[in-house]
Amino acid sequence: MKIAIGADSAGFELKEHLKKYLSLKGHKVIDKTPENDLDFFESTTRVAKAILANEADRGIAIDEYGAGSFMTACKYKGIICAEVSDEHSAKMTRDHNNASMITMGSGIVGKRLAESIVDAFIKGEYSGGRHQIRVDMLNKMA
Amino acid sequence: VKISIGCDHIVTEIKDHLVEYLKEKGYEVIDNGTYDKVRTHYPIYGKKTAEKVVNGEADLGIVICGTGVGITTSANKVKGIRAALVRDVATAKYAREQLNANVIGMGGRITGIGLMENIIDVFLETEYKETEKNKKWIEKIDGLIEEDSSIGDEHFFDEFLEKWEKGEYPNE
């Protein structure tokens, strides 16, 4: 699977860690933020645009809390994003919301939890069905 | 302080509990529903709750669904809303203080009632601390949605609801 990843300066280290982790698992990781001096607005925008351009199947955006990246990502029309700090939310947002992006806080989530969250997010599949009306509604919004 | 609150049918009783909790604390509460357990769709309530904040009827908003993702994402898709989806107090505090978050979202199947109350308390009590840096972030976030003609449009989702009524979405 192709995964676009990006982080601001606070999330840089966790991004580097996850990049290695995902690459070792055989995923193609596209690092949208090789530089270590960006703010969350710029890093998240790069990941969201990569998803909208179909460069990647999933996007991961990291900053210190995950909140600024989440606010930013949601504003892009066509992006459904989840701010997560647990595996169940990461799994369910694929299943029910068909989310293409997650955001995490490097100051909130440790490395092992972050690995487990991205595993759940990547493995999770959208179940469609009754959930599609809600996804259609979200996509009509911004 | 006036609070706008909304939820979907998965967590109605949690929302009802929080409405009582807030009223007991002296807050005025606008309850945007849903009001029962009949299957409905979170974007309806995320949008309604968020619009009350944007148009000034309420100061801050609270949204809850199963994971919180769907309803908080829909709130964020309203121009002028900055919603954080949290499972801890620290993020709620940061979002209010640094990002001037005006909506807080939580997952009723993720976070327990005690922690939710704590998150809400801190979110409502924390004040935005404006800096040159965070002011620019906020302007950039708000600027991503140029104009939002859907604000206040109660028929915005009608096309999907009609399809739903006709049974054109699988009911599984």
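Leaving aside neighbours within four places in sequence, with which residues is Ile60(A) in contact? The legends below, which begin with this residue, describe close-up views of a predicted model.

**View 1. Surroundings of Ile60(A) in the largest nonpolar core.** Beyond its neighbours within four places in sequence, Ile60(A) is in contact with Ile3(A), Ala4(A), Ile5(A), Gly6(A), Leu22(A), Val47(A), Ile102(A), Met104(A) and Val118(A). Ile60(A) belongs to the largest nonpolar core, which comprises 65 residues, and is listed with Met101(A), Ile102(A) and Met104(A) among those with the most contacts inside that core. Helix α5 of chain A, residues 111-123, supplies the largest share of the core, 6 residues. Apart from this core lies another of 33 residues, whose members include Phe40(A), Met71(A), Leu18(B) and Ile64(B). In soluble globular proteins, nonpolar side chains tend to be buried together.

**View 2. Thr72(A) and its contacts in chains A and B.** Thr72(A) is part of helix α3 of chain A, residues 67-74. Its relative accessibility is 0%, and Thr72(A) therefore counts as buried. With neighbours within four places in sequence set aside, the contacts of Thr72(A) in chain A are Phe40(A), Phe41(A), Thr44(A) and Thr45(A), and those in chain B are Ile141(B) and Leu144(B).

**View 3. Salt bridge between Glu16(A) and Lys19(A).** The structure holds 23 salt bridges over all chains, and one of them pairs the side chains of Glu16(A) and Lys19(A), with an N to O distance of 3.3 Å. Because the two residues are 3 residues apart in helix α1 of chain A (residues 12-24), about one helical turn separates Glu16(A) from Lys19(A). An α-helix has 3.6 residues a turn, so residues three or four places apart point the same way. Glu16(A) is partly exposed, with a relative accessible area of 22%, and Lys19(A) is likewise partly exposed, at 22% relative accessibility.

**View 4. Salt bridge between Lys32(A) and Glu55(A).** The closest N and O atoms of Lys32(A) and Glu55(A) are 2.9 Å apart in this salt bridge. Lys32(A) lies in the loop between β2 (28-31) and α2 (40-52) of chain A, and Glu55(A) in the loop between α2 and β3 (58-63), so the pair ties together parts that are 23 residues apart in sequence. Glu55(A) has a relative accessible area of 34% and is partly exposed.

**View 5. Salt bridge between Asp121(B) and Lys25(B).** Asp121(B) and Lys25(B) form a salt bridge in which the closest N and O atoms are 3.1 Å apart. The pair links distant parts of the chain, 96 residues apart: Asp121(B) is in helix α5 of chain B (residues 113-125), while Lys25(B) is in the loop between α1 (12-24) and β2 (28-31) of chain B. Asp121(B) is buried, at a relative accessible area of 15%, whereas Lys25(B) is partly exposed, at 42% relative accessibility.

**View 6. Helix α5 of chain B and its covering elements.** The 13 residues of α5(B) should span 18 Å at 1.5 Å a residue, and the end C-alpha atoms are 18 Å apart, which agrees. The buried residues of α5(B) are Met116(B), Glu117(B), Ile119(B), Ile120(B), Asp121(B), Val122(B), Phe123(B) and Leu124(B). These buried residues are covered by elements of chain B including β1 (2-7), α1, β3 (60-65), α4 (89-99) and β5 (103-107).

**View 7. Contact of helix α6 of chain A with helix α2 of chain B.** The axes of α6(A) (residues 131-140) and α2(B) (residues 42-54) come within 8 Å and cross at roughly 35 degrees. Arg134(A), Met137(A) and Leu138(A) of α6(A) meet Tyr42(B), Pro43(B) and Ile44(B) of α2(B). By class, this contact has 5 nonpolar, no polar and 1 charged residues.

**View 8. Backbone geometry in selected loops.** Most residues other than glycine have a negative phi, and most peptide bonds are trans. A cis peptide bond, with omega about 5 degrees, joins Gly33(B) and Thr34(B); Thr34(B) lies in the loop between β2 and α2 of chain B. Asn54(A) has a positive phi, near 60 degrees, and lies in the loop between α2 and β3 of chain A. At 67% relative accessibility, Asn54(A) counts as exposed. Asn98(A) also has a positive phi, near 55 degrees, and is found in the loop between α4 (87-95) and β5 (101-105) of chain A. Asn98(A) is partly exposed, with a relative accessible area of 30%.

Terms used
Residues numbered from 1 in each chain as written. Chains lettered and ligands numbered in written order. Predicted model: local features only at pLDDT ≥ 70, side-chain atom pairs only at ≥ 80, totals over all residues. Heavy atoms only, no water. Core = buried A, V, L, I, M, F, W, Y, C linked by side-chain atoms within 4.5 Å. Buried < 20%, exposed > 50% of the residue type's maximum accessible area, 1.4 Å probe, protein only. Helix = DSSP H or I, 4+ residues; strand = E, 2+ residues; numbered from the N terminus. Contact = heavy atoms within 4.5 Å. Salt bridge = Lys/Arg side-chain N within 4 Å of Asp/Glu carboxyl O. Axes fitted to C-alpha atoms, helices over the stretch in contact; angles between N-to-C directions. Nonpolar A, V, L, I, M, F, W, Y, C, P; charged D, E, K, R; others polar. Expected span 1.5 Å × (residues − 1).
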